[in-house]
Amino acid sequence: MPTSLGSLVLLTVLVTAAIIWLIFLAVRLTRRPRNRLLPSLDVADQARELKAAGQFQDAVFLVRGETGMSHRAATRFVRKL
């Protein structure tokens with residue numbers, strides 16, 4: 001009886017550790033921005049059009065969504081367009 005109880009406890013600990021590790025991995029993957037340093041020409045053109053139409057914040061939002069840039073970096077990018 002003690003052997004099966006020990007095995008059950010060990011199995012429970014291993015499964016719990018695996019679940020915690022998977023949750024940690026999922027959180028890290030969702031926080032990692034896309035690996036694009038500069039927006040594509042299409043995104044830049046779209047952002048330029050939005051800026052020209054007076055929709056500056058929408059242009060920043062577009063650049064952030066497509067590239068994963070921080071708000072500050074996307075704002076600087078749109079200002080330079």
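The axes of helix H3 (residues 56-67) and helix H4 (residues 71-80) come within 9 Å of each other, crossing at roughly 120°. Before you start: this is a predicted model, where local features need pLDDT of at least 70, side-chain atom pairs count only at pLDDT 80 or more, and totals for chains, interfaces and linings use all residues. Residues are numbered from 1 along each chain as its sequence is written, and side-chain values use heavy atoms, with hydrogens and water left out.

**Exercise 1.** Work out how H3 and H4 are oriented to each other.

*Step 1.* Take the angle of roughly 120°; axes are lines fitted to C-alpha atoms, over the stretch in contact for helices, and angles run from 0 to 180 degrees between N-to-C directions.
*Step 2.* Compare it with the classes: under 35 degrees is roughly parallel, over 145 roughly antiparallel, 65 to 115 roughly perpendicular, and the rest oblique. H3 and H4 are therefore oblique to each other.

**Exercise 2.** Describe the fold along the sequence.

*Step 1.* Count the elements: there are four helices and zero strands. Helices (H or I, at least four residues) and strands (E, at least two) are DSSP runs, numbered from the N terminus.
*Step 2.* Read in order, the pattern is α-α-α-α.

**Exercise 3.** Find the salt bridge and say how exposed its partner Asp-45 is.

*Step 1.* A search of the whole structure gives one salt bridge (a side-chain nitrogen of Lys or Arg within 4 Å of a carboxyl oxygen of Asp or Glu).
*Step 2.* Asp-45 pairs with Arg-48, with the closest N and O atoms 2.9 Å apart. Both lie in helix H2 (residues 41-52), three residues apart, about one turn of the helix.
*Step 3.* Asp-45 counts as partly exposed because its relative accessibility is 37%; the classes are buried under 20%, exposed over 50% and partly exposed in between (1.4 Å probe, protein chains only). Arg-48, at 40%, is partly exposed.

**Exercise 4.** Place Ala-52 in the chain and classify its exposure.

*Step 1.* Ala-52 is found in helix H2.
*Step 2.* With a relative accessible area of 71%, Ala-52 is exposed.
*Step 3.* Its C-alpha atom is separated by 9.6 Å from that of Leu-81, 29 residues apart along the chain.
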